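Hi,

Here is the structure I said I would pass on.

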Amino acid sequence: MRTEFETATENAALKKAIVARIQSQGPIPFRDFMDAALYHPQHGYYRSRREKMGREGDYLTSPEVSAAFGVILARQLHEMWLAMGRPLRFDIVEAGAGTGLLCRDILRWTRDHAPDFHSALAYAIVEVSEPLMERQRDVLAEEGCDVRWSAELPDGIEGCLLSNELLDSFPVHAVCVRGGELTEVFVDWDGSRFVDELRPPSTPEIERYFGRLGLRPGEGCRAEVNLEAPEWMRNAGRSLRRGFVLTLDYGYEAEELYAPWRTDGTLLCFYRHNPSADPYARLGRQDITSHVDFTTLRRAGEEAGLQTLGLVSQSEFLTNLGIAEALAPPAEGNVNLEEYYARRRTVSELLDPAALGRIRVLLQTKAVEAPHLTGLEGPQNA
Ligand SMILES: C[S@@+](CC[C@H](N)C(=O)[O-])C[C@H]1O[C@@H](n2cnc3c(N)ncnc32)[C@H](O)[C@@H]1O
């Protein structure tokens, strides 16, 4: 029998849990709604076993599109190891590893092309989703990869802490400027559906956040505030003893993210590759994401002792590191045109300025003397 909450495309138990919470304590900040929708301990989107990232899932990420992404990142990691003076141990800590493909592709390249570096590697994955962790274990066991897992960032990292599309999946506060006042979006239940309600901010941190930036969204504009992302970055800075933090995500500098013309913010939901702006639809079955504020992120890292080396687009980063080689035509006599065109198509997707190519790459460092990183600047003396 169907309950009043049940439909084929939403998680009825999750809806029931959120509605019960609203009925007992009143409207909840949008942040708490998004946290439950994605990370509810039993029913959240990231707790389910359905395909999430990838062609069979809801959204595409770079490691799912092409193994060339992992190859290029591996080259950048190798250069970091050289810049650190070829230490006997180099930690790669990957936070939020999805299906494990990036880890697999990095380890494959290092094994085949940089064996000294490969033998120095200690790879650790930080993951909160049990089903994804299982998936990672399966994918990496098949490859014979030696990887450790944890739910928290480890301390004393010497190497690189890397994340791809992690921070844009953190729950965000939704705000709206009305009559010059900063208000926050709360979520209420009207008996048949979730509805927005504007209230004074749930935490003074939101006002402080904009105070530190010295700006606010425009009058009438809706925007998102991700308080957990800078907290994560401070933690990252503290966890790194020596090396680099490499952060890839959709986002902008604050001036652009909170520009007065951006009236509806950047919140986006994905279900089977269909984007939607409705976070209340397909509860627990769709991804919800919003762009990160790289100004605040960069400063958060700096507060925790990191030095910023640069912020570039993924398309620039991959191009600087030589992804064009993967687009080169095959050598004569060894031509598999079908394979070549498929590779060309997927590499172009990584560079597409309207999609994955516009992801930003933030590189920060600690206790490494003036490193030259090709991803930021192109080949040295070019
Ligand atoms: C959008 S997916 C990106 C996955 C992968 N990096 C990729 O590019 O395909 C976000 C990933 O971050 C994980 N995640 C979310 N919050 C996390 C946290 N606080 N710490 C570690 N992982 C987290 C999710 O379970 C998921 O694996």
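Let's start with a helix pair: α4 (residues 68-83) and α5 (residues 101-113) pack at an angle of about 60 degrees, their axes 8 Å apart. That angle is why α4 counts as oblique to α5 (under 35 degrees is roughly parallel, over 145 roughly antiparallel, 65 to 115 roughly perpendicular, and the rest oblique). Axes here are lines fitted to C-alpha atoms, for helices over the stretch in contact, with angles running from 0 to 180 degrees between N-to-C directions. On the α4 side the contact uses Gly70, Val71, Leu73, Ala74, Leu77 and His78, and on the α5 side Leu102, Asp105, Ile106, Trp109 and Thr110 (contact: C-beta atoms, placed from the backbone, within 7 Å). By class, that contact has 7 nonpolar, 3 polar and 1 charged residues.

Before I go on, this is a predicted model: local features need pLDDT of at least 70, side-chain atom pairs count only at pLDDT 80 or more, and totals for chains, interfaces and linings use all residues. Residues are numbered from 1 along each chain as its sequence is written.

Next, the strands. β7 (residues 181-189) pairs with β8 (residues 194-199) in the antiparallel sense over 6 bridges (pairing takes at least two DSSP bridges; helices, H or I, are DSSP runs of at least four residues and strands, E, of at least two, numbered from the N terminus). Valine 185 has leucine 198 in β8 as its bridge partner. The two strands form a hairpin with 4 residues between them, and glycine 191 in the turn has a positive phi of about 105 degrees.

Cheers

Notes:
Contact = placed C-beta atoms within 7 Å. Nonpolar A, V, L, I, M, F, W, Y, C, P; charged D, E, K, R; others polar.
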